[in-house]
Amino acid sequence: MKRRGRLADQVFKLITLLFALAIAGLVVLMIVEMARDSSLSFEKFGASFIWREVWDPVREEFGALPFIYGSAVSSIIGLIIAVPVSIGVSVFLVEHAPRSLSTPISFLVQLLAAIPSVVYGLWGIFVLAPLLRDTVYPRIQSAFGFLPLFKGTPNGLGLMTAGIILSIMIIPIVTAVATDVMRAVSRTQPEAALALGATKWEATWIVIQNARSGITGAVILGLGRAIGETMAVTMVIGNRPQISASLFDPSFTIASAIANEFTEATSEIYRHALVELGLILFVITFVINAFARLLVWGVTRGEGKGAHA
Amino acid sequence: MTLITGLFSVLAICALLLILGYIALTGARALTIGFLVNMPKPIGEPGSGIANAIAGTLILISIASVIGLPVGILGGLYLAEFGSNRLGNILRFLIDTLTGVPSIIVGVFAWTVMVRPMGHFSALAGGVSLAIIMMPIVARTTEEMIRLVPQSMREAALALGAPVWRMSLGVVLRAAAGGVATGAMLAIARIAGETAPLLFTALSYNYMSTDLNQPIASLTYQIYYYAQSPYDEWHAMAWAATLVLVTMILAINISVKILTRQRYQ
């Protein structure tokens with residue numbers, strides 16, 4: 001009887017292990033499948049695929065640079081806007097807001113993450129892009145139009161609009177993780193500083209200093225989110241594979257190229273080139289997420305496992 | 001300084017309210033009972049609806065849940081009960097990685113392992129890609145919820161002579177059931193809004209379909225499709241479909257929030 005019980009326990013453990021392995025194994029399987037499915041393009045272009053600037057399905061010449069550029073620049077614009085806002089909200093939630101206010105505010109900010117990407121895209125096309133085109137971009141141009149960054153005639157769809165949409169979409173994740181790490185750092189230092197006559201500003205600055213590696217992790221997690229974002233960006237970035245200095249010009253990201261062209265890929269090598277783009281995106285988000293997690297864990301470890309995201 | 005950080009908070013919430021408000025106002029204009037129960041009609045014909053897309057989204061969610069929930073819950077059970085070792089840490093790391101994989105990549109993956117071998121787009125492939133997105137989320141929330149169950153309950157079950165498997169399933173998992181269900185609901189809300197993984201798997205279908213072997217419509221795909229079209233009439237339908245989708249997702253999120261607040265206070 002006792003032995004049978006032990007056997008059942010072993011079987012139970014094995015079954016749950018199999019399910020956990022199945023989920024984790026998907027990551028490995030994805031890499032293998034994508035590597036296999038990008039072999040043609042990899043054989044033809046080798047490593048130069050990453051820095052080739054041409055994307056011509058008709059002549060079957062492919063290179064990833066315009067997409068890497070578009071993903072990087074739109075995500076950086078998103079971060080430049082989202083990071084100050086997110087850290088501001090986190091500081092407010094941790095340092096200033098009474099509990100009765102911080103719970104609903106953090107819930108409402110997190111609701112931004114519940115809105116589907118395609119809905120941001122719809123809003124971007126019909127509300128944000130016309131607004132930016134008619135009122136905001138002309139003003140930027142009249143003030144800074146001499147800079148190559150703001151040249152051209154903006155039609156509303158382009159890198160800048162994509163970056164602005166991305167900033168709204170990544171505020172929740174950056175805020176959530178930054179709030180977590182700021183709550184996790186010790187209170188004794190800022191309180192000692194306050195007791196010694198420091199201002200609230202200075203005490204908050206100590207909290208930010210102590211949590212800075214975790215806050216960096218939060219920012220990098222936001223970057224990972226922004227780079228992988230697909231639908232909203234596809235709908236507002238204008239979808240043209242080019243590298244242009246102007247932020248008002250249409251561009252393309254890795255994710256939006258796959259979304260747009262995968263079903264239209266007529267030749268085998270065209271599809272392989274798209275899958276290779278996907279593999280590059282996978283590797284980038286993998287490295288970013290792993291690095292960000294290490295940073296966040298470093299701060300929140302005292303609170304046990306399970307940092308957000 | 002309270003003022004500045006407070007202003008940032010107001011700014012973020014304003015963004016939310018502006019977007020939701022616009023969806024509510026614009027969506028409500030085209031939203032009628034007919035819109036919910038009619039089938040799509042050619043452009044120009046009145047009385048067009050999205051009944052097939054609503055049904056499609058529900059079917060896709062069901063397929064994903066049937067596959068994703070058991071795998072996610074049992075995988076999470078392993079991480080919580082037996083995963084405090086090296087293997088557990090590796091699995092946890094890989095599962096967290098999967099959470100961070102962009103959903104478009106999941107779509108490409110589902111295409112290579114499902115659509116290409118089958119030779120055509122299908123609801124099943126769409127459901128599988130959504131299940132893949134769901135699994136790591138469910139596994140990690142299940143793990144967290146199970147870890148909250150007090151150790152004394154495990155010891156009590158074992159002391160009464162229960163084998164480990166009965167202790168895990170009958171006592172621990174049952175005690176954590178509310179939390180696990182909450183996690184499952186949030187995962188469902190998340191996949192209900194996914195579009196990218198459906199682009200090359202479920203695709204879309206202009207008629208009512210319950211055949212899992214055929215392409216199927218979904219709310220998100222329809223929103224994308226209508227938004228890209230040049231017709232004002234379809235744009236109005238995109239907004240109305242968005243109102244339906246967002247109401248569904250927010251209802252899940254808000255009810256989960258209310259339920260969990262009651263439990264933990």
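Among contacts in chain B between residues at least 6 apart in sequence, what percentage join residues at least 24 apart?

Modeller: Happy to! For chain B that percentage is 73% of the contacts between residues at least 6 apart in sequence; two residues are in contact if their C-beta atoms, placed from the backbone, lie within 7 Å. Before we go on, a word on how to read the picture: this is a predicted model, in which local features need pLDDT of at least 70 and side-chain atom pairs count only at pLDDT 80 or more, while totals for chains, interfaces and linings use all residues. Residues are numbered from 1 along each chain as its sequence is written, and chains are lettered from A and ligands numbered from 1 in the order in which they are written.

Starting at the N terminus, the elements of chain B read α-α-α-α-α-α-α-α-α-α-α. Its C-alpha trace spans about 70 × 60 × 30 Å along the principal axes. Of the 265 residues in chain B, 50% are buried. A residue is buried if 20 or more other C-beta atoms (placed from the backbone) lie within 10 Å of its own, exposed if 12 or fewer, and partly exposed in between. The mean pLDDT of chain B is 93, with 98% of its residues at 70 or more; pLDDT is the predictor's confidence in each residue, from 0 to 100.

Now turn to the partner. In the model, 68 residues of chain A are in contact with 65 residues of chain B. The element that gives the most to chain A's side is helix α1 (residues 2-36) of chain A, with 19 residues. By class, that side of chain A has 48 nonpolar, 14 polar and six charged residues. Here Ala, Val, Leu, Ile, Met, Phe, Trp, Tyr, Cys and Pro count as nonpolar, Asp, Glu, Lys and Arg as charged, and the others, Gly among them, as polar. For the complex, the predictor gives an ipTM of 0.95 and a pTM of 0.94.

Chain A itself has 12 helices and zero strands. Its C-alpha trace spans about 75 × 65 × 30 Å along the principal axes, and 50% of its 309 residues count as buried. Of the contacts in chain A with a separation of 6 or more, 78% are between residues 24 or more positions apart.

The axes of helix α11 (residues 254-261) of chain A and helix α12 (residues 268-300) of chain A come within 9 Å and cross at roughly 150°. Axes are lines fitted to C-alpha atoms, for helices over the stretch in contact, and angles run from 0 to 180 degrees between N-to-C directions. That angle makes α11(A) roughly antiparallel to α12(A), because angles over 145 degrees count as roughly antiparallel, under 35 as roughly parallel, 65 to 115 as roughly perpendicular and the rest as oblique. The crossing of α11(A) and α12(A) is left-handed: the near helix is turned anticlockwise from the far one by less than a right angle, whereas clockwise would be right-handed. The residues in this contact include Ile254(A) and Ile258(A) of α11(A), and Leu277(A) and Leu281(A) of α12(A).

The other pair is helix α7 (residues 188-195) of chain A and helix α8 (residues 200-210) of chain A, whose axes come within 9 Å and cross at roughly 160°. α7(A) and α8(A) are therefore roughly antiparallel to each other, and their crossing is right-handed. Among the residues making the contact are Pro190(A) of α7(A) and Ile206(A) of α8(A).

Finally, zoom in on two residues. Ile165(A) sits in helix α6 (residues 159-184) of chain A and is buried, because 28 other C-beta atoms lie within 10 Å. Beyond four places in sequence, Ile165(A) is in contact with Tyr120(A), Gly124(A), Leu128(A), Ala232(A) and Val236(A). Leu65(A), in helix α3 (residues 65-96) of chain A, is partly exposed, with 17 other C-beta atoms within 10 Å.

One caution: over residues 303-309 of chain A, pLDDT stays under 50. Where pLDDT is low, the predicted coordinates should not be read in detail.

Notes
Helices (H or I, at least four residues) and strands (E, at least two) are DSSP runs, numbered from the N terminus.
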